[in-house]
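Please consult the sequence and the structure as each part is described.

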Amino acid sequence: CRRGGGGGGGQGRGRGSRRNGDDDVDVNARMGQGQGQGEDAELDVLRKTMSTAATQRKLNRKANARRASSIAGAGGTSNIALADAPSTKTLTATALDADTYHYRGYGIAPPVFQGRAPETGSQRVQVAFVMPFVEFQLVKVATLLTEYWARFPPCQPNTSRQSADLVFFTENKLGPSIQRRIRSYYAELGVERTGCFRTDEPIFLSMVEVNPELSHLEGAAFTFYSLFRLLEKSYKTFVLAEPDVAPVQPNFLPALVKKSLSVNCEADGFWQFGSLPLAKDVDAGMLRERVDYHMNGNAIYVLGCAEFEEYKCRVQSFYVPKDDCELVAGCSTHEAYEGGYDHALYRFRMHPDNYEYARLILHKFGYSDFMQNRGEGVYDPALVVRESPSTYFVHSKSIYQNEAATILKEVTVSVLKRDPCNRDSATEKALEKIYHNLRSGEYTKPDAIRALCDASKYKIFGPQPSTRLCEMYADADSALEAQDWNSRMPGKTYLWTIDFHGGPANCDMSMIAKAGGALHAEIDGICHFYGLCKERLKVIKADNWKEFDPTEKQKRKFELAYRDDPEFKRVDAFICHHPVANCELFLPFNRSIIIHATTRLEFGRHDEGIDWRLSSGYDRDVGKVKWQKWVRTVQNLARDKRNVIAANNVYDRDYIKYFTGIQDVELLPSWCGDNVGTIFCEDGWESSISPGWLPTKPEVMIVPYRSNLDRSRYKTGIRDPADHPIIKELDAVPKRISNGTDVKMIRDLYSDSNPLRMLKHPAIIILPYQVSTMNLVELYRLNIPTFCPSLSLLKRWCREHDLLWEVYYGWPENLMGIKDVPNPNGHALMDKYSKEWEEMFDHWIPKSDFYQFPHITYFDSWEHFHKQYKIMASNGELEAINRKMTQTNAALKEELVEKWKDILQRVKRQ
């Protein structure tokens, strides 16, 4: 936009200045020189007036950004021609230096800013429902459509067609795979829910190319200012609704069309309809202190209105590019908590320098509860509508944010006036502990406030807390741990565990919390990754698995240490996963016991098939006695219905049945679908949904990270995994068959086993070493298309290469004398070509997770895999499998919450 001549008889004037201590530069003069000479000439003029190298680099970036920002539309099956929208450049102010350009008006009327002239069509649709997103937010789009739109659909079966289109907008053009997936989500809603849109298919709109250097704030602002030029030919208005804007009542489209009629360029029309900040916590973002009444960017906007174009021109000229918004003007006010084009739009008209102009147009901005902006607050749709019947949408990050993160953010802002992830190490460590206690269900919001206030007493702690809040929530002794345990976690079933692997407890934790319980875990071994390392464990030091199999003397000491412990008196039940045999520690406390096996029952007692157990003092004769005692213990526990005997997989469920004779062993799958692969304050830590499968890399990955291809049962480092005969078979597939499909092992590309990395790949191949592992469950919950060797191929690989040797932890005695079912372990020297071995394999290995989970594709050879994969990748079958897995896992999640509710009620102390 350009600053024009003065309004009101030419009396308007303007002034610009640089604020960095250099000589003032006449911005208006530079604008005049640049007009009519094209953007390159304009940049040349600016370069002559700014000599520093930093400024030169900045200008070069801006020039590149402008050249990369031509815009086009990619229409779906719509009847409107969005593709002919005129190309545009970044709508930045001409003052391109890093300092704010301030206008001050003198005279009766403010000066005129020459905003671009809108280009409108003769027959325009009333409203475009625009949902902007970036590719990694696909999972949010899917969740919004399949859950929230399914619950509160845009139409009812008898609703007539409306003058409205659904437009999915992305900065970069979406690939056909992602478009297919979005179309499938939309199609699942059915015509009875979507039939009132003007067209049957959604429209996909995107920019041809966008500068990859744009930050989040810059990208959002660039999208916003560009949408007007893209849409104005075909629409009168548009509603901007990001994926975290969810409907709260059905039949919202007719209501939206009706609401949009008052948004127009007439004298009594509005330019924007939107919401005030309605977060319950008015201290969040210092809303009260800053007197923040900004209108959220998710709102209804007028299109094709020259006066509103002038307004946006003024905003962008006032808030020029700098700091976090150095490539796009009008994307921030450059003040604390005011990053975003919506803050710039609001603060401009509130700024004293713009008073004369703002008083003439303030009435063009209408506050409305049609779409409420609740920040990150949790809300109940029914309650929202009951209190505000005219509300149809709520904007809140909480719908994709886990409850623990939401509470932690509220607490941190209220107590410390800052975000929890400010990278002050001492503070962040305290916050991480509070976060994990919130996630496990052990802390409520008041608990979190008390813990944060208590942690802030130490000198190494960074920011100073709110004295008012800390005094309000302080206990008599202030420390949270001093609080009476009997009053902690009111109404919740409190579970306690000591495990030697953090995965199983982490996988159960969110289900237990959702079901109304709390799980405290004292974990040794693999614990840091899950934030569950031991903190207050007594007697059993458990340093690097050293007391994995405690002695009778240690068990007695453990009992004495906890006999009068106030926390143990609060515990309702103890739960054991890995190994389940350590539930022996909890027998003296007369509480319910939950055995939730994730691997073999004898693990930790009679497991001579594990090499490191032999070197840590294992004795076969002692192990035999321990095994007999442990089986009797499990049988006794099963007789009391207050206890639970369960396994997370079919193999171990039936394994327990075989060795104990207990027939009602429960199948209780591990969830492993929340907070997997995330680290506190890293990307995605606060999310309540797993990141979506979005393949951007070509390789198909062999999983898991650990393959055992480099070792045998008792020998390590015998070969490089790449030299294993199974991998050699893969390498031997003829190029004419494998050409175009690249199969890699995880270690070829990555240094760790974080399952989230696999989301970037089109598919995974399971090369199993166990019948069930937490890592494979985590991967399955991510809905990644999965391939696996068929039962016949796995049998060959086991015979030739002993691929599943780790399934058998030992060869414990069959105390039940069962003869009609093959012994699952056979014996150590069993001939793999014998009938006995084959019967054992055929009965037990099909119970493995990878043969029980649905929607896995099996192959009989590496050539067969390549042929199948090529067909499935080309015809959209991988996307269909991803959708089926998503539906299967969603149904399982609901089922597990109900199962855990029953279990918690069963074990709760009366």
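In this predicted model, the second largest cavity has a volume of about 60 Å³. Its lining is formed by Lys259, Phe273, Gly274, Ser275, Ala299, Ile300, Ser368, Phe370 and Met371. By class, five of these lining residues are nonpolar, three are polar and one is charged.

The largest cavity has a volume of about 70 Å³. Around the largest cavity lie Ile764, Ile766, Leu776, Leu779, Tyr780, Thr786, Asp849, Phe850, Phe853 and Ile856. Three elements, β21 (764–766), α27 (774–781) and α30 (849–852), each contribute at least two residues to this lining, and the largest share, three residues, is supplied by α27. In class terms, the lining of the largest cavity comprises eight nonpolar residues, one polar residue and one charged residue. Across the whole structure, the search finds five cavities of 30 Å³ or more.

The largest nonpolar core has 100 residues, of which Phe586 and Trp862 touch the most other members. Helix α22 (residues 620–639) provides the largest share of this core, namely six residues. A second, separate core contains 92 residues, including Val130, Tyr185, Phe348 and Val384. Neighbours within four places in sequence aside, Phe586 contacts Trp496, Ile498, Phe558, Phe568, Phe574, Cys576 and Ile593.

Another phenylalanine, Phe169, belongs to strand β4 (residues 164–172). Is Phe169 buried or exposed? Phe169 counts as buried because its relative accessible area is 1%, and the limit for burial is under 20%. Residues up to four places away in sequence not being counted, Phe169 touches Val130, Met131, Pro132, Phe133, Leu205, Ser206, Met207, Thr223, Leu227 and Leu230. Phe169 and Val130 are 39 residues apart along the chain, yet their C-alpha atoms are separated by 6.6 Å. Val130 is also included in the second core.

The chain as a whole may now be considered. Its secondary structure comes to 32 helices and 23 strands. Of its 910 residues, 59% count as buried. Where contacts join residues at least 6 apart in sequence, 75% of them link residues at least 24 apart. The chain exposes about 37,400 Å², and carbon and sulfur atoms supply 50% of that area.

Definitions and conventions. Residues are numbered from 1 along each chain as its sequence is written. This is a predicted model: local features need pLDDT of at least 70, side-chain atom pairs count only at pLDDT 80 or more; totals for chains, interfaces and linings use all residues. Side-chain values use heavy atoms; hydrogens and water are left out. A nonpolar core is a set of buried Ala, Val, Leu, Ile, Met, Phe, Trp, Tyr and Cys residues joined through side-chain atoms within 4.5 Å. Buried means under 20% relative accessible area, exposed over 50%, partly exposed in between (1.4 Å probe, protein chains only). Helices (H or I, at least four residues) and strands (E, at least two) are DSSP runs, numbered from the N terminus. Contact means heavy atoms within 4.5 Å. Accessible areas come from the Shrake-Rupley method with a 1.4 Å probe; for residues, only the protein chains shown count as cover. On a 1 Å grid over the protein atoms alone, a cavity is a set of points where a 1.4 Å probe fits but cannot get out, and a pocket is an open set with protein on both sides within 12 Å along at least five of seven lines; lining residues have an atom within 4 Å of a point. Grid points are joined across faces, edges and corners, and a volume is the space filled by probe spheres set on the points. Ala, Val, Leu, Ile, Met, Phe, Trp, Tyr, Cys and Pro count as nonpolar, Asp, Glu, Lys and Arg as charged, and the others, Gly among them, as polar.
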